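Please view the sequence and the model together while reading.

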Amino acid sequence: MRDATDLDIEAIRALTPGCGTGLHFNSAGAALMPLPVLKAQTDHLELEARIGGYEAAARADAQVEDTYRAIADYIGGNPREIALLENSTRAWGVVFYGIPFKPGDRILTSRVDYDSNFVAYLQRARQTGVEIEVLSTLPSGEVDVEALDAIADDTVKLIAISHAPTSNGLINPASAIGDIARARGIPYLLDACQTVGHMPINVHEIGCTYLASAGRKFLRGPRGSGFLWVREDAIERTEPAWVDFHAAAWVADNRYELRADARRFESWESNVAARIGLGVAVRYAQALGAEPIWRRIQQLASLMRSEIARIPGFTITDQGIEKSGIVTFSIAGHQPEAVKAALAAEGTAITTATCQSSRLSMVPRGLIDGVLRASVHYYNTEDEIARFAAQLRRLFAQG
Ligand SMILES: Cc1ncc(COP(=O)(O)O)c(C=O)c1O
């Protein structure tokens, strides 16, 4: 098995214009793009400027087609199962809002689900009468799979889980949940926005029915890019939340026919440069290898957690037995937004998560003021982490 030492970090950093211009620990927001991803997009934008957007798209057909193939290869699907969308939320919502819930139906979700997903649950509950049930968690914060198993009856019309949450380093047991969903025939929508490009993902090993993700985060792709994977046998029976002439053909005055592939979930107009860039980003990640990337992220995140935990007044707020590259923490006596601003003034990029981003998990744990979030990627270095820890100590250490 390949491990983190297979990555040539110097070469990777040389291909990453953002490395060396400050400390960037915000891959869970938007990671630094590698040059090939940047160039693929600027080349296409220049072509658009020279010959026109539609004309440029016609010439880029093969590149865009490769994006479908690249994503399918990377996550273990086939290109017919891929839809390209502008972000993860839209990819998730085009499935979620198409499901015909009725009173008495139940949606099972996790305590750490993304807030955009949660407001959508609440809206659908108001509109359709579907009940939202938050799964119990283990003391370490992940979904309790045994508890799920005990309540997953035929009134459950959807299991919808965030694989890795936005404001906590834990990782939900996606595959164990998939085993239950598969055994009971319950549709399973996985929000893998934070995990594709971060850790190895295989949709068939996970056993989900739908998977949504974004390009700009751990995949290092463009902003405004995302994708949806829909298991082949679920495409035909899943109605997109909205359609246009690309998703469905108007075949008679009063009839339309939906496309047979996952592109029924797309819209016609799109950012072609971003679609091309996404494909290049996925191929780039694939060439490095999902396993070495994941090993290196785990090593760096674990180093960052131990460095931060040693600073007086600092508390790591991550849960989880196995942890992701998302490191969250708080500093006694300091508001997260002010800390973020002070670091930004010195060229260090991290971010914050408010308690609204994960109410059901953060409020009971007393994280009312939110937390700081520093997320690592494989291109970060041990030296950057040491510099970051020294900076935190200098600016905020107590006593
Ligand atoms: C767990 C999770 N799901 C979904 C999203 C939304 O992704 P997007 O902004 O691409 O719609 C995010 C964004 O941070 C996230 O962390």
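How many nonpolar, polar and charged residues does the shell around the ligand have, by class? The shell has 4 nonpolar, 8 polar and 1 charged residues. The structure is a predicted model, in which local features need pLDDT of at least 70, side-chain atom pairs count only at pLDDT 80 or more, and totals for chains, interfaces and linings use all residues. Residues are numbered from 1 along each chain as its sequence is written.

**Ligand shell**

- The ligand is surrounded by 13 residues, and the closest are N87, S88, T89, T166 and A214.
- A residue is near a molecule or strand if its C-beta atom, placed from the backbone, lies within 6 Å of it.
- In the class counts, Ala, Val, Leu, Ile, Met, Phe, Trp, Tyr, Cys and Pro are nonpolar, Asp, Glu, Lys and Arg are charged, and the others, Gly among them, are polar.

**Seven-stranded sheet**

- An open sheet of 7 strands runs in the order β2-β8-β7-β6-β5-β3-β4, and its pairing is mixed.
- β2 (82-85) and β4 (131-134) are at the edges with a single partner strand each, so one side of each has no neighbour in the sheet.
- On average, neighbouring strands of this sheet are turned by 20° against each other, direction ignored.
- Strands β5 (residues 156-162) and β6 (residues 188-191) pair in the parallel sense over 4 bridges, and A160 stands opposite L189 in β6.
- Strands count as paired if DSSP finds at least two bridges between them.
- Helices (H or I, at least four residues) and strands (E, at least two) are DSSP runs, numbered from the N terminus.

**Four-stranded sheet and β15**

- A further open sheet has 4 strands in the order β11-β12-β15-β14, with antiparallel pairing.
- Its edge strands are β11 (314-316) and β14, each of which pairs on one side only.
- Neighbouring strands here are turned by 40° against each other on average, direction ignored.
- β12 (residues 326-331) pairs with β15 in the antiparallel sense over 4 bridges, and T328 has R373 in β15 as its bridge partner.
- β14 (residues 351-353) is joined to β15 by 3 bridges and runs antiparallel to it; T352 is bridged to L372 and T351 to R373.
- In β15 (residues 371-375), 5 of the 5 residues are buried (20 or more other C-beta atoms within 10 Å of the residue's own, with C-beta atoms placed from the backbone).
- In a regular strand the side chains alternate between the two faces of the sheet.
- V371, R373 and S375 point one way from β15, while L372 and A374 point the other way.

**Helix pair α5 and α12**

- α5 (residues 61-75) and α12 (residues 272-288) pack at an angle of about 40°, with axes 8 Å apart.
- Axes are lines fitted to C-alpha atoms, for helices over the stretch in contact, and angles run from 0 to 180 degrees between N-to-C directions.
- The crossing of α5 and α12 is left-handed, meaning that the near helix is turned anticlockwise from the far one by less than a right angle.
- Residues of α5 including V64, A70 and I71 meet residues of α12 including I276, L278 and V282.
- By class, this contact has 9 nonpolar, 4 polar and 4 charged residues.

**T128**

- T128 is located in helix α7 (residues 115-128).
- Not counting residues up to four places away in sequence, T128 touches F101 and K102, where contact requires C-beta atoms, placed from the backbone, within 7 Å.
- T128 and K102 lie 26 residues apart in sequence and 5.3 Å apart in space, C-alpha to C-alpha.

Technical notes:
Two residues are in contact if their C-beta atoms, placed from the backbone, lie within 7 Å. A residue is buried if 20 or more other C-beta atoms lie within 10 Å of its own, exposed if 12 or fewer, and partly exposed in between; C-beta atoms are placed from the backbone.
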